[in-house]
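Here are some notes for a colleague who is opening this entry without having seen it before.

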Protein chains: 2
Amino acid sequence: MTTAPATFVKGLEGIIAAQTEMSYIDGVQGVLEYVGIAIGDLAKHSTFEETVFLLWNKRLPTKGELESFTKQLRANYALPEGMIERVRSVPTSAEPMHMLRTMVSALSMHDASPNENSVEAARVKALKILGCTPAIVAAFDRHRRGLEPVAPDTSLGFSANFLYMLNGEKPTEAMTRAFDICMITHADHGLNNSTFTARVVISTLSDMYSAITAAIGSLRGPLHGGANEGVMKMLNEIPSVDAVEQYVMDKLARKERIMGFGHRVYKAKDPRAAELMTLAEQLARDTGNMDLYTKSKAIEKIMEREVGSKGIYPNVDFYSATTYHCIGLKLDLFTPMFALSRIAGWSGHVIEQLGDNRLFRPKAEYVGPHNVAYTPMDNR
Amino acid sequence: MTTAPATFVKGLEGIIAAQTEMSYIDGVQGVLEYVGIAIGDLAKHSTFEETVFLLWNKRLPTKGELESFTKQLRANYALPEGMIERVRSVPTSAEPMHMLRTMVSALSMHDASPNENSVEAARVKALKILGCTPAIVAAFDRHRRGLEPVAPDTSLGFSANFLYMLNGEKPTEAMTRAFDICMITHADHGLNNSTFTARVVISTLSDMYSAITAAIGSLRGPLHGGANEGVMKMLNEIPSVDAVEQYVMDKLARKERIMGFGHRVYKAKDPRAAELMTLAEQLARDTGNMDLYTKSKAIEKIMEREVGSKGIYPNVDFYSATTYHCIGLKLDLFTPMFALSRIAGWSGHVIEQLGDNRLFRPKAEYVGPHNVAYTPMDNR
C-alpha cells in the first residue's frame with residue numbers, strides 16, 4: 001500500500017500514472033523527444049519504420065536490424081483470411097473510426113492465440129496490427145466508393161503502400177514523404193488519453209487487441225484525435241485568403257477557439273509542426289491547393305500578432321490537415337490516419353506495461369447517501 | 001492547474017480518480033451499497049431491472065416507472081437488423097469475450113447517430129446495449145453449437161429471456177432467480193479497472209459504444225473478470241469431496257492462491273457472496289450438482305480454519321461459478337455473464353462522467369535519455 005494522499009484530482013491532472021522510456025515532452029520549452037532524439041531530427045532524417053523500431057527498442061537500428069524489421073512489418077501488410085469479407089460487410093455509411101475499432105477488435109478472432117502476453121508475443125502482435133491496419137482503412141474507403149480492394153505491395157514502405165492501396169496508384173515522392181512525416185510525428189506523445197487507456201486495459205493482463213481497440217475508441221473523441229478534422233472544416237469555411245482577417249478577428253471577439261492552435265501540453269511552439277509546415281507548402285503547390293496553404297499562413301500570421309504572446313501557436317494538427325487534404329484523403333479519414341501512426345505508440349506502451357505490470361485500480365469517492373433502507377414497492 | 005504532488009503511484013493505488021453516487025465499498029467492514037442500499041437487501045428483494053434503474057437514477061422506481069423502464073429495455077431485446085449475420089460470421093473457435101467486444105463495437109455501425117453524447121442520448125444508448133447484449137451472447141453460443149438463434153421473448157424479464165434465448169426453453173424459477181442475483185451483485189463495484197476504462201474513454205467525448213467496448217476488453221483480463229473461470233477449473237480438478245482437504249493443504253503449503261478467495265478490496269466477508277451461497281445450494285440440488293456444492297462448502301470450511309483470521313474469505317466468484325455451471329453455462333461464458341451485468345455499471349459511470357466531464361490526461365514520468373543525437377545509419 002502506498003501513502004498517496006486520497007484527494008480527488010479531476011482528470012488526474014498532474015498525477016504521474018506510468019513511467020516510460022519512449023517520449024519526453026517539455027511543453028514550456030516546446031520539446032518533444034523520442035528516446036532522447038528531438039522530433040525535428042526524426043522528421044528530417046528518419047522514416048516511420050525506423051521510428052517505430054526506435055520506440056519499441058529504445059535505440060536506433062543498425063542497417064541489418066532495420067532491414068529485418070521492415071521485412072517483418074511487410075509480411076503483415078496483407079489482411080488475415082476472412083478479414084476482407086468482414087470489412088466489406090460494414091455499412092458504407094459507417095464512420096471510419098467505428099469501423100476501424102470494430103475491425104481491429106475482429107483481428108483477434110483471426111489469431112490462433114490472441115491472448116499471449118509475453119513481451120515477445122506482444123511484439124509479434126504489435127507488428128501484426130500495425131502492419132495490416134492500413135489495409136483495413138484502405139479497403140473500407142474503397143468499399144464505400146464502390147471499388148475493389150487493392151492488394152498491398154510489399155516492395156513499398158509503410159506510407160507508400162498505404163497510399164497505393166487507397167488510391168490504386170503509386171504516390172509521388174513528396175506525398176509519401178509528407179505522409180511519412182505525419183506518421184513519425186504522431187507516433188507517440190507521452191501519456192495522452194488513448195495511450196493511458198491502452199495501459200489501463202492491458203494492466204488486467206487482457207491482450208494486445210483489447211488494448212489497441214480501446215485506444216481507438218478513446219482517440220475518436222473530439223477532445224483527442226478528433227481535433228484535426230476541425231482545422232479542415234475551418235479552412236473550408238473561409239471562402240478566400242482575403243476573408244481570413246475578418247473570420248479570425250470575429251472568432252477571437254466571440255472568444256471562440258481557432259482550430260489547430262494551442263495544446264493542453266504545449267505552451268510554446270509545437271515542435272511537431274515545423275517540418276510539416278515546409279512540406280505542406282510543397283505538397284500544396286504540387287497538388288494545386290495553394291489557396292489552402294495561403295489561407296493557413298494568413299491565419300498563422302494573424303494569430304501570431306493577436307495571441308502569440310499568450311503561448312498560443314499552431315499545433316501539429318494545423319499542418320497535418322493540409323497535408324492529408326492534398327494527399328486526397330476525405331475528412332473522416334484524418335483521425336484514422338492518427339490511429340495508423342499512434343498504434344506504434346500504443347503498442348510500445350503496452351509492451352512497457354507488460355514488462356512491469358501493476359493493475360490500475362484507482363479509488364472512487366462515493367458522494368451519495370448511506371444506510372438507505374430498501375423500501376417495498378407499495379410504500380414508495 | 002492543481003497542486004497534486006507529482007509522485008509516481010503504480011496502478012494509481014489510493015488515488016481518487018472520480019466521484020460517484022452509484023456504489024460504495026467498505027472493504028474492511030465488508031459493505032457494498034448501491035445508492036446507499038445494502039447489496040444483501042437488493043439481492044433478497046430486488047430484480048436486475050429495478051437495480052439498473054436505481055443505479056442510473058439514484059433512487060428506486062415507483063411501480064409505473066419500473067413498468068415503463070422494463071418496457072423500454074424489452075423493446076431493445078432484439079438485435080438490430082444485420083447483427084445476426086455479423087454474429088454468424090464469427091469463427092466458432094473465437095473466445096466469447098473477443099466476440100462480445102467486437103460485436104458491441106459493431107452495434108455502433110447499426111446506430112444512425114452513434115456519437116450523440118447528451119445525458120439523455122447516452123441513456124437511450126445504454127438501454128440499447130444492455131437490452132441486446134444477451135441476444136449477442138446467446139446467438140453466438142448457439143451458432144458454435146450449430147443451432148439457429150432463438151428470438152427474444154419480450155414477456156420475460158432480462159435474466160429469464162437470456163436463459164430462454166440460450167437454451168431454447170424457459171428456465172425454472174430457481175434458475176432465473178439465481179441468475180438474476182448474479183446480475184444484481186455484479187452490476188457495479190466502484191472504480192474497478194473496466195469501469196475506470198469506460199470513464200477514461202468517454203472523457204474524450206468519444207461515445208457510449210467506444211466506452212463499453214473498451215471496458216469489455218479490460219474485463220476479459222485474468223486480473224479482473226477472468227477470475228470466475230478459475231473457480232470452476234479448480235472444482236473440476238478436485239475429484240471428490242474427500243480429496244478437498246489434501247488439495248487445499250497442498251496448495252497452501254506451496255503458497256499458491258485458492259481461486260475464489262480473497263479480494264484486493266475486501267478484507268472482510270464479500271457482502272455479495274451470502275445470498276448467492278443459499279441459492280447455489282438449492283440450484284445444485286435441483287440440477288444434480290450437489291457434489292460441486294459439497295466440494296465448495298468443504299473448501300470454504302478448510303479455508304476458514306486455515307486463513308480465516310487473515311481476512312481471506314470466499315468472494316462473489318466462488319459461488320457465482322457454481323451457479324453458472326448449474327444453469328448449464330460453458331466455462332468460457334462465465335466472464336461474458338459478468339459483462340452482461342456490468343454494462344449497467346459501466347454505462348451509469350459513463351453518464352456520470354458526461355454530466356461533469358474533464359479529460360483524463362495524467363502524466364508519464366520519462367525515465368529515458370535526453371539530447372541524443374540522430375546518428376546517421378552508416379555511423380551506427
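1. Two strands are taken as paired if DSSP finds at least two bridges between them. On that basis, chain B of this predicted model has an open sheet of three strands in the order β2-β3-β4, with antiparallel pairing. The strands at the edges are β2 (23–26) and β4 (37–38) of chain B; each has a single partner strand, so one side of each is left without a neighbour in the sheet.

2. How many bridges join β2(B) and β3(B)? The two strands pair in the antiparallel sense over four bridges, with β3 of chain B covering residues 31–34. As one point to check on screen, B:Asp26 has B:Val31 in β3(B) as its bridge partner.

3. Chain B is superposed on chain A by a rotation of 180 degrees with 0.0 Å of shift along the axis, at an RMSD of 0.0 Å. This is the relation of a two-fold axis. The same surface serves both copies, since 100% of the contact residues of chain B recur in chain A. Within chain B, the residue that comes closest to the rotation axis is B:Ala214, whose C-alpha is at 2.1 Å.

4. Over all chains, a search of the whole structure finds 50 salt bridges. One of them joins the side chains of A:Asp141 and A:Arg144, at 2.9 Å from N to O. Both residues belong to helix α6 (residues 119–144) of chain A and lie three residues apart, about one turn of the helix. A:Asp141 counts as buried because its relative accessibility is 2%, and the cut-off for buried is under 20%. The pair is also part of a network of salt bridges that links A:Asp141, A:Arg144, A:Arg145, A:Lys330 and A:Asp332.

5. Helix α14 (residues 290–307) of chain A holds both A:Lys297 and A:Glu300, three residues apart, about one turn of the helix. They form a salt bridge in which the closest N and O atoms are 3.4 Å apart. A:Lys297 is partly exposed at 31% relative accessibility, whereas A:Glu300 is buried at 14%.

6. In chain B, a salt bridge (3.4 Å, N to O) brings together the side chains of B:Asp153 and B:Lys170. This pair links distant parts of the chain, 17 residues apart: B:Asp153 is in the loop between α6 (119–144) and α7 (158–167), and B:Lys170 in the loop between α7 and α8 (173–186). Which of the two is buried and which exposed? B:Asp153 is buried, with 17% relative accessibility, while B:Lys170 is exposed, with a relative accessible area of 52%.

Key: Residues are numbered from 1 along each chain as its sequence is written. Chains are lettered from A and ligands numbered from 1 in the order in which they are written. This is a predicted model: local features need pLDDT of at least 70, side-chain atom pairs count only at pLDDT 80 or more; totals for chains, interfaces and linings use all residues. Side-chain values use heavy atoms; hydrogens and water are left out. Copies are superposed by least squares on the C-alpha atoms of residues with pLDDT of at least 70 in both. Contact means heavy atoms within 4.5 Å. A salt bridge is a side-chain nitrogen of Lys or Arg within 4 Å of a carboxyl oxygen of Asp or Glu. Buried means under 20% relative accessible area, exposed over 50%, partly exposed in between (1.4 Å probe, protein chains only).
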